[in-house]
Amino acid sequence: MPIDKIKHLVAGMFISLMVSLLTSMPWLGVVASIIIGAGKEYYDSFHPEHTVDKWDFAVTALGGLIGAAIVGIFL
């Protein structure tokens, strides 16, 4: 897996874990990672030195799901 995708996966997990733990609502962690992942790709669309990549968004969302699953198992 390319390092860029690993960074997106870890970012999605981190966002989800933090929101899930702070709110005790794992589903909200997933929503937060999806919104932030979409926002990052939207930001990239306005900056020519960045590229918009649907897979970056998908991997960020996947990280969010993994983070929420971890919290759901142990919470």
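The model is predicted: local features need pLDDT of at least 70, side-chain atom pairs count only at pLDDT 80 or more, and totals for chains, interfaces and linings use all residues. Residues are numbered from 1 along each chain as its sequence is written, and side-chain values use heavy atoms, without hydrogens or water.

The protein chain has 3 helices and 0 strands. Helices (H or I, at least four residues) and strands (E, at least two) are DSSP runs, numbered from the N terminus. The order of elements is α-α-α. The radius of gyration is 12 Å, close to the 11 Å that the globule rule gives for 75 residues, so the chain is as compact as a globular protein of that length. This radius is taken over C-alpha atoms, and the rule is 2.2 Å times the number of residues to the power 0.38. The C-alpha trace spans about 40 × 25 × 15 Å along its principal axes.

Of the 75 residues, 32% count as buried, meaning under 20% relative accessible area with a 1.4 Å probe, protein chains only.

Buried residues in H1 are Lys5, His8, Leu9, Gly12, Ile15, Ser16, Leu17 and Ser20. Their cover includes helix H2 (26–45) and helix H3 (54–74). Ser24 follows H1 and has a positive phi, near 60 degrees.

How values were computed. Buried < 20%, exposed > 50% of the residue type's maximum accessible area, 1.4 Å probe, protein only. Contact = heavy atoms within 4.5 Å.
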